[in-house]
Amino acid sequence: MKNIKITKNPFLFLLPFLILYIAIVFTFPTNGTFGDEGRYLAYAHNLLHGFYSLPAPNLYVGNGPGYPILLMPFVALHLPLICITFLNAILYYLSAVFLFKASRQIVSFRLSLIISLFFAMYFNSYEYLPIVYTETFTIFLISLIILTLFKTFNSKKSNKYMFLSGFLIGFLALTKVIFGYVIIFLLVGVVILWIISNHPYNYKRSIFILLISILIVIPYLTYTYNLTGQIFYWTSNGGNNLYWMTTPNKGEYGDWIQYPIDHNKNRISESNEIIQSYHQKDFNEIFKYEGVKRDDEYKKIAVNNIKAHPVKFIQNCISNIGRILFNFPFSYTLQKPGTLLRLPFSGIIVVLMLFCIIPTLKNWRKIFFPIRLLLLFTFLYLGGSVLGSAETRMFTMIVPILLLWIAFIVERTVKITLKFNE
């Protein structure tokens with residue numbers, strides 16, 4: 001009996017993966033200068049000194065405060081960066097544990113084991129373990145949200161889990177601001193479903209959860225309103241992101257490109273000159289402004305691009321789907337064999353997602369309510385991501401929800417036998 005309990009304990013059978021994650025962290029240590037690492041650390045430092053962004057005209061809100069809040073103790077204590085990435089290893093391990101615990105409420109032990117092991121081995125997530133990025137923390141939050149939502153709708157102590165779910169969803173929006181927009185659209189949709197539903201209880205609880213999440217983000221939105229004078233201002237990067245997504249130029253696929261143009265070793269040799277020729281005129285105009293006005297100028301040019309070249313924008317959106325799922329294509333970028341490493345795991349998920357769509361639509365009302373809520377949440381998020389310049393990490397973060405959905409549908413629709421019929 002003890003052996004059975006040990007093999008069914010996710011903290012124990014997933015422990016080897018924690019060792020693997022720690023090994024990755026120590027094998028590829030960061031120096032804090034890769035990509036957005038410096039920005040997250042700088043915001044944590046700012047919070048410790050009582051502010052987040054400098055005021056106008058030097059205002060810049062590159063991301064929400066969720067991840068910098070997590071980093072504050074590390075920055076305050078001047079701990080080495082390896083401590084933060086060591087935390088990444090623990091968070092990803094706990095995400096796999098939470099995924100198993102949540103899945104056990106809706107599918108068999110065997111299928112729970114399969115999806116938790118699949119997630120623990122999900123290679124695409126490993127590149128974020130040794131760097132100070134939000135992705136691992138976001139995955140952790142999503143996995144914990146799944147578990148608390150399941151307990152909210154399937155537990156005698158549901159009220160405390162309801163409040164916890166709302167808090168976590170709000171903190172998720174503070175960490176990845178796109179989820180702030182998802183919350184608003186989801187709230188509108190759930191209110192409509194609550195009004196027209198014959199069984200409004202679950203929708204009523206969902207509305208309460210989403211209202212709690214909005215309360216969590218109000219202090220941040222109040223702060224940005226005081227800085228910018230704009231309501232619901234999440235980030236200064238929105239215009240920049242949309243600008244590159246709407247590029248009408250041949251050979252550009254809507255992926256974000258750093259400006260001033262960086263010397264990216266993965267690009268073709270003449271790419272910098274081409275990019276410069278396409279965009280210098282726009283940037284001469286954009287960089288006349290600072291802060292919010294610069295962000296508005298990005299958006300103005302982006303909207304004009306969409307109006308003037310709607311077909312190219314749709315093509316960029318299709319390319320965006322490829323980047324979200326398989327990290328391809330990128331503008332002016334050399335092909336790399338490493339891209340093939342992403343295909344097996346993402347390909348399996350995508351194929352199973354396509355299989356699950358029809359059974360889901362045919363049996364929508366019979367599906368466990370939290371899964372329905374999470375699916376609406378997920379496809380609002382993915383739909384929004386397609387409209388802005390995105391990468392495969394946007395897909396990686398939402399994989400726990402997709403695996404649960406797939407497991408739920410597969411267990412109820414598929415019967416596999418390895419023995420031939422007589």
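Predicted model: local features only at pLDDT ≥ 70, side-chain atom pairs only at ≥ 80, totals over all residues.
Residues are numbered from 1 along each chain as its sequence is written. Local features need pLDDT of at least 70, and side-chain atom pairs count only at pLDDT 80 or more.

**Helix α10**

Helix α10 spans residues 178-196; helices are DSSP runs (H or I, at least four residues) numbered from the N terminus. α10 has 19 residues and reaches 28 Å from first to last C-alpha, close to the 27 Å expected at 1.5 Å a residue. That expected span is 1.5 Å times one less than the number of residues.

Its buried residues are Phe179, Gly180, Val182, Ile183, Leu186, Leu187 and Val190. They cover an arc of only 140° around the axis, so they sit on the same side of α10. The arc uses directions from the helix axis to the C-beta atoms. Buried means under 20% relative accessible area, exposed over 50%, partly exposed in between (1.4 Å probe, protein chains only). On the other side, Phe185, Ile195 and Ile196 are exposed. Ile195 has 60% relative accessibility.

**Salt bridges**

A salt bridge is a side-chain nitrogen of Lys or Arg within 4 Å of a carboxyl oxygen of Asp or Glu. The count is 9; the table gives three of them.

| Pair | N to O distance |
|---|---|
| Arg342 – Glu127 | 2.8 Å |
| Arg393 – Glu135 | 3.7 Å |
| Arg294 – Glu290 | 3.5 Å |

Arg393 and Glu135 are both buried. Together with Lys176 and Glu391, Arg393 and Glu135 are linked in a network of salt bridges. Arg342 is buried at 13% relative accessible area, whereas Glu127 is partly exposed at 37%.

Terms used:
Heavy atoms only, no water. Helix = DSSP H or I, 4+ residues; strand = E, 2+ residues; numbered from the N terminus.
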